[in-house]
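Welcome, and thanks for taking a look at this one with us.

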Amino acid sequence: MAQRILSGVQSSGRLHLGNYYGAIREFVRLQDEGEALYFIANYHALTSVRDAALARRLTFETAVAFLALGLDPARATLFRQSDVPEIGELYWVLGTVVPLSNLHRAHSFKDKVNNKGIEDPEFGLFAYPVLMAADILLYDSDVVPVGRDQRQHLEFARDWATKFNMRYVPGYDPQEPERVPGVFKLPSVRTRDETAVVPGRDGQKMSKSYGNTVDLFAPEREVEKQIKSVKTDSTPPDQPKPTENQPLYQLLKLVLPEPAFADADRAWRTGGDPKTNGYGYFKGLLFEGYRQAFGTARARYDELLQDPAEVERTLASGAQRARAFAAPVIRRVRDAVGL
Ligand code: AQP
């Protein structure tokens, strides 16, 4: 049977190169490898987006971005998280097996609270991994492709599914899950090492909430400005440049096609002509590479923005398919716990 692949992206802001190289590029590849389901995580986004009109617009733009970047609704299911109401029920039931100590250990919660200096974080942000585990388990997924930042959440989902199966399924043995099947299937995580963490302009993980992104669909002039502000060191133009911890170098490697990167790499590592080997020159190369890599997707994005009815039809039919996948799982859950 075809593997079921599931992943999502929050509609919490403009999508960026980290979302693309860390996740969406792989989503598009995987739509030919199995039964792929991708959702727009608009419930998750409510932890940071506090304006209804903005939340709606970002949900729509995230759907448009997925389609523009190559997701084909004939081959993959694209839906809005909030169009599958079963998710709320599973979130609650799953919460009854989640140890609080796990949530206290969640890196992404700690990073967000520290980076944003939040003094009194809300329950929604704290419980985010529980909703994410429900997202993963509700569709009987086999594989979940994500960036490295999400790996811990995936491990939580597997642990809680095991705990739930052991509590509610007599004879369930996590060492031999084929003998007595659990209520939940245990999905495996998939992360590509070379793009596990895409650096932002400041060298930290590129993230919508850190203000360090290079956006996929912002006006070109804005993207050019973002690229110009990528952090570099003070190595003089005619000197060989370091390759470690250099967001500009890492971004060039991701965005430029192989032969163009080989040339850039050579110029980066040798000193020489200050006109061609300064950081400004490499930023220009990155901007040109970006235009070439995303020109077609950006044009498609602009077209789709003009056709909200078509996007809505795609999301509605995606939700219908997703609910059909969720139905047997939620039935098993209700049976198991006595609802
Ligand atoms: N910098 C990154 N490098 C590699 N992968 C990344 N992803 C995000 N940033 C990077 C991957 O993109 C997918 C969708 O992410 P998300 O938007 O749902 O959540 P996120 O990881 O929290 O992304 P942001 O930009 O950091 O959003 P905010 O700031 O709103 O929390 C995931 O697979 C993620 O791994």
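The protein chain holds 15 helices and five strands. Its radius of gyration is 22 Å, close to the 20 Å that the globule rule gives for 339 residues, so the chain is as compact as a globular protein of that length. Please keep in mind that this is a predicted model. Along its principal axes, the C-alpha trace spans about 75 × 45 × 45 Å.

Let's turn to a pair of helices. Helix H10 (residues 220-228) packs against helix H14 (residues 279-305) at an angle of about 145°, and their axes lie 10 Å apart. The crossing of these two helices, H10 and H14, is right-handed. On the H10 side, the residues in contact are Glu220, Val223, Glu224, Ile227 and Lys228, and they meet Lys283, Leu286, Phe287, Tyr290, Arg291 and Arg298 in H14. Sorted by class, this contact brings together five nonpolar and six charged residues, with no polar ones.

Now for the empty space. Rolling a probe the size of a water molecule over the atoms shows where such space is left. How many cavities of 30 Å³ or more does a search of the whole structure find? The search finds two. The second largest cavity has a volume of about 30 Å³, and Ser108, Phe109, Lys112, Leu125 and Tyr128 line it. Helix H6 (residues 107-116) gives the largest share of that lining, with three residues. By class, the lining has three nonpolar residues, one polar residue and one charged residue.

Here are the two sets of residues side by side, by class:

Note on methods: Residues are numbered from 1 along each chain as its sequence is written. This is a predicted model: local features need pLDDT of at least 70, side-chain atom pairs count only at pLDDT 80 or more; totals for chains, interfaces and linings use all residues. Side-chain values use heavy atoms; hydrogens and water are left out. Axes are lines fitted to C-alpha atoms, for helices over the stretch in contact, and angles run from 0 to 180 degrees between N-to-C directions. Helices (H or I, at least four residues) and strands (E, at least two) are DSSP runs, numbered from the N terminus. A crossing is left-handed if the near helix is turned anticlockwise from the far one by less than a right angle, and right-handed if clockwise. Contact means heavy atoms within 4.5 Å. Ala, Val, Leu, Ile, Met, Phe, Trp, Tyr, Cys and Pro count as nonpolar, Asp, Glu, Lys and Arg as charged, and the others, Gly among them, as polar. On a 1 Å grid over the protein atoms alone, a cavity is a set of points where a 1.4 Å probe fits but cannot get out, and a pocket is an open set with protein on both sides within 12 Å along at least five of seven lines; lining residues have an atom within 4 Å of a point. Grid points are joined across faces, edges and corners, and a volume is the space filled by probe spheres set on the points. The radius of gyration is taken over C-alpha atoms; the globule rule is 2.2 Å times the number of residues to the power 0.38.
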